[in-house]
Amino acid sequence: MSCIIWNARGLGNPKAIHNLHRLIADEDPSLLFLCETKLVSGHCRNFKYTLGFERCFVQDCIGRKWGLLLLWKDPLKVEIKSCSPGHIDAIIDHNLRRWRFTGFYGCPTVEARVASWQLIQRLGSLSELCHLPWLVGRDFNEVLYDHEKQGGRPRSLSQMQNFQEALDHCCLRNITSMGEFFTWANKQLGSDFIQERLDRYVSTLAWGQLFPNSRCQNLNFYNSDHRAIKIMLGPSLVWVRKKSNGSRKGRFHFEELWATDEECRRVVSFAWGKGGDSDKLAAVVNGLQRCANETDAWGFQKYGRVKK
C-alpha cells in the first residue's frame, strides 16, 4: 500500500488533470491527498473514476482558493472524522491495521499560520482518536530548520519554533524522505531562485511501530511548484541509495560530522523507536539496520557526500 500527498495548485484545466493522471500512472497510490484543488465537490466526484479511484471526500474551495480532495481505492476502508479548509482527518482500516491519517494544508500567509498550529494541536488532543497510530502529511507552508530553505531571506526563528512546538505538542516526528531534499521551488532564475522543504510526512511513535519498514520518497513536481511525496507502507520494501553508475552503495559509515548535529540525534531516536520485534536479538539487528538507513539518507540529503 502507498499514500501520496501533493499540492496540485489547481485542477481546473486539462493540463493539470493530465499531470495528475501521469502521477497516478507512475506511482499507483492506494490513498491520494490533494490540496489547492480549487474545485467544488460536484466536479471532483465526476472524475474520481477516470483517475482509478472508487471513493473520495471533498472539502470545497473557497472562492478560487484552497480546496482539498482525498481519494482512495478498495479494499481500503476510510472513515472521515472531521474536515476544514485546512485539513481532512480520517481513520484507515486495511489488512487488520487501524490507524489515523490527516491530510493537512498550512495557511499560506505568515500572519494566519498560528491558526494552522492551533488546528494541529486540537486534532492531537481529540480523546476519541489520540490512541490511534497517527500519520500527518502535506504542505505545512513552513520549514523546521534553517537548512530547509535555500535562497531569499532567512526564515524567522520564531516561525520555525512555532511549527516545532506544534509537532512536539502532538508527539509528531519527522519522517526522513529519500530523493531530492527540497519540495518547493519558486521557478525563478539566478539570485531570485528559492527552494524550501515545505512538504513532509510526520507521525507518532505508535505509527512508526505499526509500519516499521515504511519508506518515504520525494517525487517529481508534475508541473506544480510542489513535489509529490510518497510513502510506502509495505512490510518488505527496501530502498537502497545507489551510486551514480547504478550499483549498490557500499557498507554504511557513520560520519563524525553528524554527531555534532542535534537533528541527527532525533533521526536515530525515531528510527530506533520504530521497531516492534518481540525477539530481542531481532529487535537489536533490525533497529541497527533502520538507524543506518535513516541516518544515511538524512546525512546524504543534508551534507551530501562527505569528503575523506
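The points go from the whole chain to single elements and then to single residues.

1. Overall content. Please keep in mind throughout that this is a predicted model. The secondary structure comes to 7 helices and 16 strands. Of the 308 residues in the protein, 51% are buried. Among contacts with a separation of 6 or more, 64% are between residues 24 or more positions apart.

2. Helix α1, length. Helix α1 covers residues 14-27, which is 14 residues.

3. Helix α1, faces. Which residues of α1 are buried? They are Ala16, Ile17, Asn19, Leu20, Leu23, Ile24 and Glu27. Viewed down the helix axis, these buried residues fall within an arc of 160°, so they line one face of α1. Pro14, Lys15 and Ala25 are exposed, on the other side of the helix.

4. Helix α1, ends. The N-terminal end of α1 is capped by Asn13, with a side-chain oxygen 3.1 Å from the backbone nitrogen of Lys15. Just after the helix, Asp28 has a positive phi of about 50°.

5. The six-stranded sheet. This open sheet has the strand order β5-β6-β7-β8-β14-β10, and its pairing is mixed. β5 and β10 (173-174) are the edge strands, each pairing on one side only. Helix α3 (residues 113-124) packs on this sheet and touches β5, β6, β7 and β8. The direction of α3 makes about 165° with that of β7.

6. Pairing inside that sheet. The sheet holds pairs of both senses, and two of them are worth checking by eye. Strand β5 (residues 77-84) and strand β6 (residues 87-94) run antiparallel and are joined by 7 bridges. They form a hairpin with 2 residues between the strands, and Ile80 stands opposite Ala90 of β6. Strand β7 (residues 97-105) and strand β8 (residues 134-139), by contrast, pair in the parallel sense, over 6 bridges. There, Tyr105 has Asp139 in β8 as its bridge partner.

7. Ser84. This residue belongs to strand β5. Is Ser84 buried or exposed? Its relative accessible area is 17%, and the cut-off for buried is under 20%, so Ser84 is buried. The Ser84 side chain makes a polar contact of 2.7 Å with the side chain of His87. Apart from neighbours within four places in sequence, Ser84 is in contact with Gln59, Leu68 and Leu119.

8. The three-stranded sheet. A further open sheet has the order β9-β13-β12, with antiparallel pairing. β9 (149-150) and β12 (184-185) are at its edges with a single partner strand each, so one side of each has no neighbour in the sheet. β9 pairs with strand β13 (residues 195-196) over 2 bridges, in the antiparallel sense. In that pairing, Gln150 has Gln195 of β13 as its bridge partner.

9. A cis peptide bond. Where is the cis bond to inspect? It runs from Asp74 to Pro75, with omega near 10°. Pro75 is in the loop between β4 (68-72) and β5.

10. Positive phi in loops. Glu36 is not a glycine, yet its phi is positive, at about 55°. This residue sits in the loop between β2 (31-35) and α2 (41-47). Glu36 counts as buried because its relative accessibility is 11%. Tyr222 also has a positive phi, near 50°, and is likewise a residue other than glycine. Its loop is the one between β15 (215-218) and β16 (229-232). With a relative accessibility of 4%, Tyr222 counts as buried.

How values were computed: Residues numbered from 1 in each chain as written. Predicted model: local features only at pLDDT ≥ 70, side-chain atom pairs only at ≥ 80, totals over all residues. Heavy atoms only, no water. Pairing = 2+ DSSP bridges. Helix = DSSP H or I, 4+ residues; strand = E, 2+ residues; numbered from the N terminus. Expected span 1.5 Å × (residues − 1). Buried < 20%, exposed > 50% of the residue type's maximum accessible area, 1.4 Å probe, protein only. Arc of directions from axis to C-beta. Polar contact = N/O pair within 3.5 Å; in protein donor to acceptor, adjacent residues only side chain to side chain. Contact = heavy atoms within 4.5 Å. Axes fitted to C-alpha atoms, helices over the stretch in contact; angles between N-to-C directions.
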